[in-house]
Amino acid sequence: MKKYLIILITTLMAAAMLSSCKKETTTAAKDYSLSIKGKTWWGTLTNAGESPQYYSVSFSADNLILWSQFSGNYTGEFAVDKNKLTMTFINPSVIVTADITDDNKLINITTNTANKVNSGELLVNPNVSLENTIWKGNGNFNPIVPTSLQFSFLAGSKVETKISNTTYAPGAYARSAHGGFIRFTIPVSLDPMFCVLTSSGVMNGSYSSSQYTWQLTKQ
């Protein structure tokens with residue numbers, strides 16, 4: 001009888017320990033809103049009949065959106081339900097939905113219009129300093145030969161642009177409050193530039209129209 005009692009006690013103790021381990025290993029569901037609220041994201045989009053272009057979007061702590069792309073800035077609201085992100089814009093009337101991945105990217109993106117959002121990911125450091133920095137790279141301005149491009153950001157929110165061998169006088173640039181995008185026009189030619197920071201040392205953007213794109217790296 002004593003033998004069976006010891007076996008029973010041992011079995012109960014093992015069951016209790018197993019139950020305790022299960023409780024300890026159970027983790028709370030991830031809060032995906034933490035990678036959205038108060039953050040800046042970037043990605044590419046394709047308007048119907050146009051070439052892909054870059055965008056930047058900031059999500060406020062009170063569920064408001066500031067979306068920036070070549071054609072302008074757009075406001076709206078967002079909601080996060082588990083890992084599902086929904087962005088709703090009033091003018092123009094657009095709804096974008098996507099799933100947020102564990103590595104802070106957007107997948108399964110849908111829109112209610114012919115214009116499509118292709119990708120999205122978290123911008124870790126949107127407020128990298130630009131003043132007194134030089135960024136160099138190439139653009140697809142020429143269909144045959146890549147065109148060299150350089151931005152020299154100066155004090156006082158000025159930027160000097162060099163395209164191939166032509167250097168343009170410094171002009172003023174505007175940077176978003178969240179730091180994710182920069183917009184300016186090149187003096188003389190008045191061609192608009194739209195720049196999106198994609199990391200602390202990489203900048204992508206569009207020139208003149210969304211079909212001309214480029215990528216620069218911080219020197």
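Q: What should I know before I start reading?
A: Residues are numbered from 1 along each chain as its sequence is written, and side-chain values use heavy atoms, with hydrogens and water left out. Because this is a predicted model, local features need pLDDT of at least 70 and side-chain atom pairs count only at pLDDT 80 or more, while totals for chains, interfaces and linings use all residues.

Q: Why is strand 6 described as largely enclosed by the rest of the structure?
A: Strands (E, at least two residues) and helices (H or I, at least four) are DSSP runs, numbered from the N terminus. Buried means under 20% relative accessible area, exposed over 50%, and partly exposed in between, with a 1.4 Å probe and protein chains only. Strand 6 covers residues 94–100, and six of its seven residues are buried, so the rest of the structure largely encloses it.

Q: Which strands pair with strand 6?
A: Two strands pair if DSSP finds at least two bridges between them. Strand 5 (residues 84–89) pairs with strand 6 in the antiparallel sense over six bridges, and Phe 89 has Val 94 as its bridge partner in strand 6. Strand 7 (residues 106–111) also runs antiparallel to strand 6, joined by four bridges; here Thr 97 is partnered with Thr 110.

Q: How many residues are in the hairpins that join these strands?
A: Four residues make the hairpin from strand 5 to strand 6. The hairpin of strand 6 and strand 7 has five residues between the strands, and Asn 104 there takes a positive phi near 60°. Thr 101 sits in the loop between strand 6 and strand 7.

Q: Is Thr 101 buried or exposed, and what does Thr 101 touch?
A: Thr 101 is buried, at a relative accessible area of 15%. Contact means heavy atoms within 4.5 Å. Leaving out residues up to four places away in sequence, Thr 101 touches Lys 30, Tyr 32 and Ile 107.

Q: How do I read the largest pocket, and what lines it?
A: On a 1 Å grid over the protein atoms alone, a pocket is an open set of points with protein on both sides within 12 Å along at least five of seven lines, and lining residues have an atom within 4 Å of a point. The largest pocket holds about 250 Å³ of space. Of its 15 lining residues, Asn 47, Trp 67, Gln 69, Val 94 and Asn 115 are the closest to the centre. Strand 3 (64–69), strand 6 and strand 8 (116–117) each give two or more residues to the lining.

Q: Which polar contacts does the side chain of Asn 204 make?
A: A polar contact is a pair of N or O atoms within 3.5 Å; within protein, one must be able to donate a hydrogen and the other to accept it, and residues adjacent in sequence count only if both atoms are side-chain atoms. Asn 204, in strand 16 (residues 202–207), is buried at 5% relative accessible area. The Asn 204 side chain makes polar contacts with the side chains of Tyr 54 at 2.9 Å and Thr 198 at 3.2 Å.

Q: Where is Ser 152, and which side chain makes a polar contact with the side chain of Ser 152?
A: Ser 152 lies in strand 11 (residues 147–154) and is buried, with a relative accessible area of 8%. The side chain of Gln 150 makes a polar contact of 3.3 Å with the side chain of Ser 152.

Note on methods
On a 1 Å grid over the protein atoms alone, a cavity is a set of points where a 1.4 Å probe fits but cannot get out, and a pocket is an open set with protein on both sides within 12 Å along at least five of seven lines; lining residues have an atom within 4 Å of a point. Grid points are joined across faces, edges and corners, and a volume is the space filled by probe spheres set on the points.
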